[in-house]
Amino acid sequence: MWVETQRPYLVMGLLDYDSIAYAIGERIVEFGGRVIYTAQNERMSRIFLDRRARAEARAREDLDVRYCDVTSEKEIATLFANLGPLAGVVHSIAFANPRTCLGEEFHTDAIEDILFSYRVSSISFARILFHAAPHLAPGGAALAMTFDTSRVYPFYNWMGVHKAALEAIVRALARRHGRDQIRVNAISSGPLHSKAASKIPGFGKLDAIWNRSSPLLWDTIADRREVANAAVFLLGPLSRKITGQTLYVDGGASIIGGDLQDFERASESGVGDQTSRSSERY
Ligand SMILES: NC(=O)c1ccc[n+]([C@@H]2O[C@H](COP(=O)([O-])OP(=O)(O)OC[C@H]3O[C@@H](n4cnc5c(N)ncnc54)[C@H](O)[C@@H]3O)[C@@H](O)[C@H]2O)c1
């Protein structure tokens with residue numbers, strides 16, 4: 001059994017059909033699990049979900065979407081007050097003002113912006129788990145989404161700092177919730193096209209860095225599904241003894257020093273047919 005089928009998973013951070021949250025939720029459903037999503041607010045989910053619903057097979061009505069702005073302690077409490085037992089919780093949420101916290105210049109005097117993005121992108125995971133823990137049975141799991149913090153990337157600036165904090169929070173929560181037998185982990189994903197990614201000035205450069213350095217071919221669209229596969233693993237019973245970890249699902253780019261050499265590259269047509277592997281169904 002890959003996922004728990006009795007209780008639903010709460011997947012937070014649905015914006016549109018490109019959201020990592022949506023990929024994770026869909027994969028859970030494909031494995032026989034149930035999903036409740038959260039979006040930041042009704043206006044956002046209406047704008048994006050309605051627009052895409054016309055083109056998508058799964059209509060909006062098929063999705064159970066609740067609303068929760070994670071900067072509101074009251075909204076978090078209300079969300080969980082209206083939920084029953086859960087199998088797991090996914091935090092796929094981040095925000096930073098691109099004009100002050102991301103871009104070419106790291107230095108900024110927009111301290112309030114830094115604090116706000118820290119609250120949304122890092123602290124909120126702890127607040128979510130505080131409220132979620134009573135709904136999780138032993139063996140339940142919480143998962144956060146991060147981006148390589150072992151190195152410093154251009155443009156990512158303060159979000160890189162917040163992701164490092166988020167990973168520290170994951171470890172602290174793993175320790176805290178060991179007594180409840182609740183597991184807490186993170187996935188460090190390679191760059192994927194999404195609304196949040198499109199807000200990062202120079203996101204295309206990150207994409208190019210992956211092209212130059214990832215031993216496995218990395219597809220910024222199709223590999224959302226590979227991230228979702230790892231999420232299913234970390235949320236489900238097969239990872240029962242894993243907690244406090246950050247699992248890299250990034251094609252291996254984060255362990256490479258410098259760029260790959262030409263002789264190290266997989267040919268597009270071929271070695272192990274890695275391109276087609278991205279869209280393989282299993
Ligand atoms: N796309 C990538 O390249 C990539 C790589 C590594 C990690 N991540 C992380 O994955 C997660 C999901 O990002 P995504 O790429 O799917 O983008 P996305 O834009 O689809 O998702 C970001 C979500 O955060 C939500 N959010 C922002 N502020 C909020 C608030 N105050 N309250 C509640 N929700 C709020 C947005 O509404 C949105 O649903 C983020 O943590 C992101 O940092 C993304």
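Two strands count as paired here if DSSP finds at least two bridges between them. Keep that in mind for the close-ups below, which all come from a predicted model.

**View 1. Strand S6 and its partner S5.** Strand S6 covers residues 183–189, and strand S5 covers 136–146. The two pair in the parallel sense, with six bridges between them. To find your way along the pairing, look for alanine 141, which sits opposite arginine 183 in S6.

**View 2. Strand S6 and its other listed partner, S7.** S6 also runs parallel to strand S7, residues 246–249, and four bridges join them. A handy landmark here is alanine 186, which stands opposite threonine 246 in S7.

**View 3. The two faces of S6.** In a regular strand, side chains alternate between the two faces of the sheet. How many of the seven residues of S6 are buried? Seven of the seven, so the strand is mostly covered, given that a residue is buried if 20 or more other C-beta atoms lie within 10 Å of its own. On one side you'll find Arg183, Asn185, Ile187 and Ser189, and on the other Val184, Ala186 and Ser188; both faces are covered.

**View 4. The shell around the ligand.** There are 27 residues around the ligand, and Leu15, Ser19, Met145, Ser194 and Ala196 come nearest. Sorted by class, the shell has 16 nonpolar residues, eight polar ones and three charged ones. Which element gives the most to the shell? That's H6, with three residues.

View 5. Most residues other than glycine have a negative phi. Phenylalanine 155 isn't a glycine, yet its phi is positive, about 75°. Look for phenylalanine 155 in the loop between S5 and helix H5 (157–176). Is phenylalanine 155 buried or partly exposed? Partly exposed, because it has 19 C-beta neighbours inside 10 Å, and being buried takes 20 or more.

**View 6. Glutamine 181, another positive phi.** Glutamine 181 is not a glycine either, and its phi is positive at about 60°. This residue sits in the loop between H5 and S6. Glutamine 181 counts as partly exposed because it has 13 C-beta neighbours inside 10 Å, while the cut-off for exposed is 12 or fewer.

How values were computed
Residues are numbered from 1 along each chain as its sequence is written. This is a predicted model: local features need pLDDT of at least 70, side-chain atom pairs count only at pLDDT 80 or more; totals for chains, interfaces and linings use all residues. A residue is near a molecule or strand if its C-beta atom, placed from the backbone, lies within 6 Å of it. Ala, Val, Leu, Ile, Met, Phe, Trp, Tyr, Cys and Pro count as nonpolar, Asp, Glu, Lys and Arg as charged, and the others, Gly among them, as polar.
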